Amino acid sequence: MSLTRRNFLAVSAVLPWALTARAATSIPVGLELYSVRDALKKDPEATVRAVAQMGYQVVEFYAPYFDWPEPQTKQMRKLLDDLGIRCLSTHNSEEYLSTQNLPRARDMNLILGSKYIVQSSTSEKTSLDQWKPVAERLNVVAEQIESAGLKVGYHNHQPEFTPIGGQRPIEILAKNTKPSVMLQLDVGTCLEAGSDPVAWIRANPGRIHSIHCKDWSPDPAKGYKVLFGEGVADWKGIFEAAESVGGVEYYLVEQEGSRFSELDTAQKCLTAFREKHRG
């Protein structure tokens, strides 16, 4: 069977529930497509179609999108429109935001209908001073793309929340970037680094426009392999903070892998997300 048919059979049984759940919240929930990276590599369109049929309202493409030829990007945008879902942001390697590559990133995101070009990480840093140029570059990018209707964001991993000399690098980024620069919060890595995601959201009102809803367990045998809701994240507190002061516009489920297949994992996480967010 083709991937397309397998996906259709896998999700068709839950489609009525998905359509009901789609209207359960005014803040859309999406999937960071790294979660289904193997399927996406084999057949991008069939994978996006399957994700939409599950009930996800948003997708976030990651680094490989940058190498698509323009016709493929336009075809993907058509598919998104036909499915009634949106790409609100993309994840980009640091080099994609360079002077040389930024025009392409801008044009690709405009085709996809994206709103945020998110830097997904940075090279290893050993001092706080090394983080200041990262903030400066984000400000430059913001100035260069905002006239096109786009904004820039930065996505944390563990290093941003790991103190250097008593201060966390993420604080340097927050303090030294324009308010329009989104601080996209990755919950799992924030937790693993020993920080409190709820406190971080409340300390940065209006900056947390999207959140990677990735859970984490301190059990080394589980770590990031737990499904959404199976780890230690305080999702009720995170949702409340994000929606009352954080300025969240959309949520993104992200999974690095689990005991289930990629598509089954994405489906189970969405079901758990809906239950937690309603509760």
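This is a predicted model: local features need pLDDT of at least 70, side-chain atom pairs count only at pLDDT 80 or more; totals for chains, interfaces and linings use all residues.
Good morning. The sulfur of Cys269 lies 10.0 Å from the closest cysteine sulfur, that of Cys213, which is too far for a bond. Cys269 itself is buried, with a relative accessibility of 1%.

Let us turn to another cysteine. How far is the sulfur of Cys87 from the closest cysteine sulfur? The distance is 17 Å, and the partner in that comparison is again in Cys213. A disulfide requires two cysteine sulfur atoms within 2.5 Å, so Cys87 is too far from Cys213 for a bond. Cys87 is buried as well, at a relative accessible area of 0%. For the structure as a whole, the number of disulfides is zero.

Cys87 also leads us to my second topic, Lys115, because these two residues are in contact. Where does Lys115 lie? Its place is the loop that runs between helix 6, residues 102-112, and strand 4, residues 116-119. Is Lys115 buried or partly exposed? Its relative accessible area is 29%, so Lys115 counts as partly exposed.

Finally, consider Ser89. In sequence, 26 residues separate Ser89 from Lys115, while in space their C-alpha atoms are 5.7 Å apart.

Thank you for your attention.

Conventions:
Residues are numbered from 1 along each chain as its sequence is written. Side-chain values use heavy atoms; hydrogens and water are left out. Helices (H or I, at least four residues) and strands (E, at least two) are DSSP runs, numbered from the N terminus. Buried means under 20% relative accessible area, exposed over 50%, partly exposed in between (1.4 Å probe, protein chains only). Contact means heavy atoms within 4.5 Å. Lists of a residue's contacts leave out its neighbours within four places in sequence.
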